[in-house]
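The following briefing takes up sheet pairing, then a helix, then the chain as a whole. Please read it beside the sequence and the model.

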Amino acid sequence: MRDDQISSMLAERIAAGDFPSAVYLVAERGQAVLADALGDAVKDSERHAATLNTIYDLASLTKPLATGLLCAKYLERGEIVLDDSIARYLPEFNLDDKRAITLRQLLTHTAGLPAWRPLYLLSSDRERVLQTIAQEPLESAPGTHVRYSDLGFITLGFMLERITGTSLPEIARREIFEPLKLKRTFFNPDKALITEVAACEIGNAYERGMCDAKQVDNYGWRENLIWGEVHDGNAHFLGGAAGHAGLFSTAQETLRLATQFLPTTTELLKPETCALFRTNMTEGMEEARSFAWQLAATPDSAAGPELPPDSFGHLGFTGTSCWNDPVRERTYILLTNRTHARTLPFANINSVRRNFHTLAAQALEMKPRSSR
């Protein structure tokens, strides 16, 4: 059922040019209650309206929904230990300043690694990426500050590949997608599905602007419409799949993934494991971070005032977000493609996300329990 207030608010933001399309889904105990699709998923060269089945580039939602979920599964099996040094699994990190970094710190963005580096300019090929990351100077001592880092989750993706001896897409297919019977969730979408995928920007103008001008001239930048392939440049360089980005999915299947982190709806984890996702592991630091997620207790988080402090969520650069309220067993999913059909700078949509959560929570409180 669509909610008129939510749909009207998002339609206004589409008209204002924040993003060309939006799909939202709000669920209780794993069951969708509110949902709608608005705008155009593709506007350049062709026009395709967004639907509830539109596939979005989830960007950094890959971190919790794929990498974090896989790490939790391997933690349960005893194949990894949360407070082990990453160097136990990846000898590239057996360096004086990196040896103290733990898996917990990588999962909570407290390892001290830089937020981002253009690995496609710094590494000649995929095989040298880990060495490149390991040689980056730390920006803070491990365990002392929250510094959101793509490099940390790229490292975790490589760790999963190293301990299993197979690729990240194959691990995710075997451990997540097939057990949950997901049909529209994957890395590297099949070309036959392109008209069902929301498009991103033309070329990589945003990332190009983040690079040193001396580095950019000789690189083979994408100049085409990024549509049906991962937007993130590092994930693209790594073959379309990495620990920090590359996952594609629909709102409904994103819900299936999100409910694996709640104890009453999870099918892939032990209920007691789900306590990790609502537990603040970074007390006294800049953000409240749990196992692969940010907590709503973080000042100025995108959760908004209606979500309890131990709600946990994540954002994606392309305009996606997913939040779980473990107290009321609610899930809030908003998928947009804010990088498409818009000149730089891209819109900061955190106020839209907060407004969405507020309107959705209020709508749920007003609904008769029998209809929920």
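In this predicted model, Cys322 of strand 9 has Ile333 in strand 10 as its bridge partner, and the two strands, residues 320–325 and residues 330–336, run antiparallel and are joined by six bridges. Helices (H or I, at least four residues) and strands (E, at least two) are DSSP runs, numbered from the N terminus, and two strands pair if DSSP finds at least two bridges between them. Because the model is predicted, local features need pLDDT of at least 70 and side-chain atom pairs count only at pLDDT 80 or more, while totals for chains, interfaces and linings use all residues. Residues are numbered from 1 along each chain as its sequence is written, and side-chain values use heavy atoms, with hydrogens and water left out.

- Seven strands form an open sheet with antiparallel pairing, in the order 3-2-1-10-9-8-7, and its edge strands, strand 3 and strand 7 (294–295), each pair on one side only.
- Strand 1 (residues 21–28) runs antiparallel to strand 2 (residues 31–42), to which eight bridges join it, and Ala27 stands opposite Ala32 in strand 2.
- The hairpin of strand 1 and strand 2 has two residues between the strands, and Arg29 there takes a positive phi near 50°.
- Strand 2 also pairs with strand 3 (residues 48–49) in the antiparallel sense, over two bridges, with Asp40 opposite Ala49 in strand 3.
- Five residues lie between strand 2 and strand 3 in their hairpin, where Ser45 in the turn has a positive phi of about 70°.

**Helix 2**
- Helix 2 is mostly covered, with 13 of its 15 residues buried (under 20% relative accessible area, with a 1.4 Å probe and protein chains only).
- Just after helix 2, Gly78 takes a positive phi of about 80°.

**The whole chain**
- The secondary structure of the chain comes to 12 helices and 10 strands.
- Along its principal axes, the C-alpha trace of the chain spans about 60 × 50 × 35 Å.
- Of the 372 residues in the chain, 59% are buried.

Conventions:
Buried means under 20% relative accessible area, exposed over 50%, partly exposed in between (1.4 Å probe, protein chains only).
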